[in-house]
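Subject: Structure for you to look at

Hi,

Here is the structure I promised to pass on. Please open it and keep it beside this email as you read.

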Amino acid sequence: MAKRSGRRGFNTRTDNKPEFRINEHIRVPEIRLVGENVEEIGEAVGQQLEAGTVYSTRAAKDWARKVELDLVEISPNAKPPVVKIIDFNKFLYEKKKKEKEIKAKAAKTVIKEIRFGPNTDDHDFDFKLRHAKGFLEDGAKVKAYVHFRGRTIVFKERGELLLLRFLKELEEYGSAEALPKMEGRRMIVMISPKKSKKK
């Protein structure tokens with residue numbers, strides 16, 4: 001068994017409200033004991049314990065002390081509250097690690113804009129294409145658009161062909177969320193990175 005964490009109160013958040021009650025701070029008469037290690041703890045303390053069963057809180061605290069672990073309240077609103085006998089510091093570490101991973105996955109998607117004119121030449125097109133490939137490889141979305149100034153609005157077809165060519169060149173790096181469409185004086189297409197390209 002792992003060494004008892006030494007914390008006999010509860011961990012607190014910055015707003016000073018307890019996040020988890022542990023050990024002596026669990027004051028309800030009964031708890032429901034869960035966890036993959038329940039049978040192992042039972043063997044260590046000479047009791048036949050079963051995960052998901054309701055036990056006396058006093059007895060559970062005693063078992064936690066014997067195996068040098070902590071009694072940690074996982075679901076305080078359950079009737080009775082659900083607890084685990086675990087290493088509290090390790091539990092907090094794993095929780096923070098998981099939260100960090102979730103936060104990283106939910107990070108706001110970066111959108112990079114690439115602007116064309118309806119008369120963009122090949123040199124400028126290739127320059128912007130290289131940038132777009134880099135953005136998509138980094139996991140960013142690319143918002144490509146053709147801006148029609150003044151009378152160039154008559155060249156909508158030319159702008160659409162330019163964007164379709166752009167999409168074709170980026171096939172290995174990303175795919176269009178929808179076909180190019182007009183928004184005001186701009187023809188826009190949004191390109192999402194291909195998952196295989198994201199590191």
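Below are notes on one strand and its partners, then on some backbone angles.

This is a predicted model: local features need pLDDT of at least 70, side-chain atom pairs count only at pLDDT 80 or more, and totals for chains, interfaces and linings use all residues. Residues are numbered from 1 along each chain as its sequence is written, and side-chain values use heavy atoms, with hydrogens and water left out.

Now its partners. Strands pair if DSSP finds at least two bridges between them. Strand 8 (residues 141-147) runs antiparallel to strand 11, with six bridges. There, Lys143 stands opposite Met190. Strand 9 (residues 174-176) is antiparallel to strand 11 too, over three bridges. Gly174 faces Pro193. Strand 10 (residues 181-183) also pairs antiparallel with strand 11, over three bridges. Met182 has Met187 as its bridge partner.

Next, the backbone. Most residues other than glycine have a negative phi, and most peptide bonds are trans. Asn23 has a positive phi, near 45 degrees. Asn23 lies in the loop between strand 2 (18-21) and strand 3 (30-33). Lys79 and Pro80 are joined by a cis peptide bond, with omega about -10 degrees. Pro80 sits in the loop between strand 5 (70-75) and strand 6 (82-86).

Best wishes

How values were computed: Helices (H or I, at least four residues) and strands (E, at least two) are DSSP runs, numbered from the N terminus.
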